[in-house]
Amino acid sequence: MASYDLIIIGTGPGGYVCAIRAAQLGMKVAVVEKNATLGGTCLNIGCMPSKALLHASEMFEEAGHGFAKMGIKVPAPTIDLPQPMTFKQQGIDGNVKGVDFLMKKNKVDVVMGTGKVLGTGKVEVKGADGKTQVLETKNIVIATGSDVTRLKGIEIDEKRIVSSTGALSLDKVPEKMIVVGAGVIGLELGSVWRRLGAEVTVVEFLDRILPGMDGEVAKSFQRILEKQGFVFKLGAKVTSIDSSGKRLKAQVEPAAGGAAETIEADVVLVAVGRIPYTEGLGLKEAGVVLDERGRVKTDAHFATSVKGIYAIGDVVVGPMLAHKAEDEGVACAEILAGQAGHVNYDVIPGVVYTTPEVASVGKTEEELKQAGIAYTVGKFPFTANGRAKVNQSTDGFVKILADAKTDRVLGVHIIGLEAGELIHEACVLMEFGGSAEDLARTCHAHPTRSEAVKEAALAVGKRAIHM
């Protein structure tokens, strides 16, 4: 029986990063992976492949609509869909091989098969051939990630009724697409197919898009997407889909009740969230307590109700984000090594990788109001930013929320080109407890879009220069 200091079940960003950090700290580590490749949902069927298709579709749209105004004359572009799919797969392969290399470099044993916890110190692994082996370990980390949420009565076949997985591998561009859910995944993948020629209708149960994001940002972003051609049906739900004909027929009803309407589509993307992946892990049998939403219950040090068993990432409470899982993986490994591992959950950025991007970190206005915290707001539009003007990419703005008494920055929200890159100076500032004044007095290179962040910080004190 093989024996380890730590066995991690799952090799997504949380699992493989935890393994690397534990190995760096001198532990003998193994990872268990049920799929044929390492990297989890993120690298194989999630974050990374979607970014490849987002990039390819952005280039397609730019060539078709953006080049002419700059005097670049090219024939109207056409899409050879198998090629962007190859481009996507090349990216997946490169990232997966990278994780393979990191496991070897850090002397982490990779055990392929489905892992099951047999209790403190024991993990059973069932291989593809049906054979099982039992591994012995001092500690176990559950890092199995999440799965797509399904809608009752609607069967996902990954061909016409698809989850995010199927939406990454369609064999042709649909004429009409319905996206169920106006969250990050639905808007990103809807953007891909809208750019490539699909008519996209988004059906959202709530009366707004991007639940959890700052309300003003969500409203502004919805208007931008509508200009791009998105159609939104908010406060509505899909109750059934008739797949018997050549086209799908979705029944859409008001969320509050009322008359239904039928919307036809070639593809329906179900993107209503994700659920923790804990099925078949033997957690309940081992005594590991789950909460009412199926997440593994842990304390502040990632420990479950069973000694020696820990959990991180999408299977525990908190945003289902790869970088959150990575930070938890590092912190968990450090705690197991006797160090003071820590994650600051107040400074975890979130990004919507559309065009323009939406990025956010910290508190929203709604959260501050609910908590009764007095705050000041500084906003600066990209229409007043020199670099954005000359490049004619002026959609969006920067919004900074600061404590009214201390000026400490509590939240930053950006809509704009490369907002996902711009957000990180706010993250660093907030990690050090910085103020809007600190940011306003930091010299920013000219001309850059990041100057809009500085100007928004100046606007907190009502002294923006270029507005």
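A: Strand 13, residues 248-254, is joined to strand 14 by 5 bridges, and the two run antiparallel. One pairing in this predicted model can be named residue by residue: lysine 249 has glutamate 264 of strand 14 as its bridge partner. The sheet that holds these strands is open and has 3 strands in the order 12-13-14, with antiparallel pairing. Its edges are strand 12 (236-242) and strand 14 (261-265), each of which pairs on one side only. From one strand to the next, the twist averages 30°.

Another open sheet has 5 strands in the order 8-15-9-10-11, and there the pairing is parallel. Strand 8 (161-162) and strand 11 (231-234) are the edge strands of that sheet, each with pairing on one side only. Strand 8 and strand 15 (residues 267-270) run parallel and are joined by 2 bridges. Within strand 15, valine 268 is the residue opposite isoleucine 161. In general, the strands of a sheet pair through backbone hydrogen bonds, and the pairing can be parallel or antiparallel.

Helix 14 spans residues 451-460 and is mostly covered, with 9 of its 10 residues buried. Among the buried residues are Glu451 and Glu455, as well as Val453, Leu458 and Val460. The buried residues of helix 14 pack against strand 20 (375-381), strand 21 (397-403) and strand 22 (409-416), and also against helix 12 (419-431) and helix 13 (436-440). Lysine 462 follows helix 14 and has a positive phi, near 55°.

Notes: Residues are numbered from 1 along each chain as its sequence is written. This is a predicted model: local features need pLDDT of at least 70, side-chain atom pairs count only at pLDDT 80 or more; totals for chains, interfaces and linings use all residues. Side-chain values use heavy atoms; hydrogens and water are left out. Two strands pair if DSSP finds at least two bridges between them. Helices (H or I, at least four residues) and strands (E, at least two) are DSSP runs, numbered from the N terminus. Axes are lines fitted to C-alpha atoms, for helices over the stretch in contact, and angles run from 0 to 180 degrees between N-to-C directions. Buried means under 20% relative accessible area, exposed over 50%, partly exposed in between (1.4 Å probe, protein chains only). Contact means heavy atoms within 4.5 Å.
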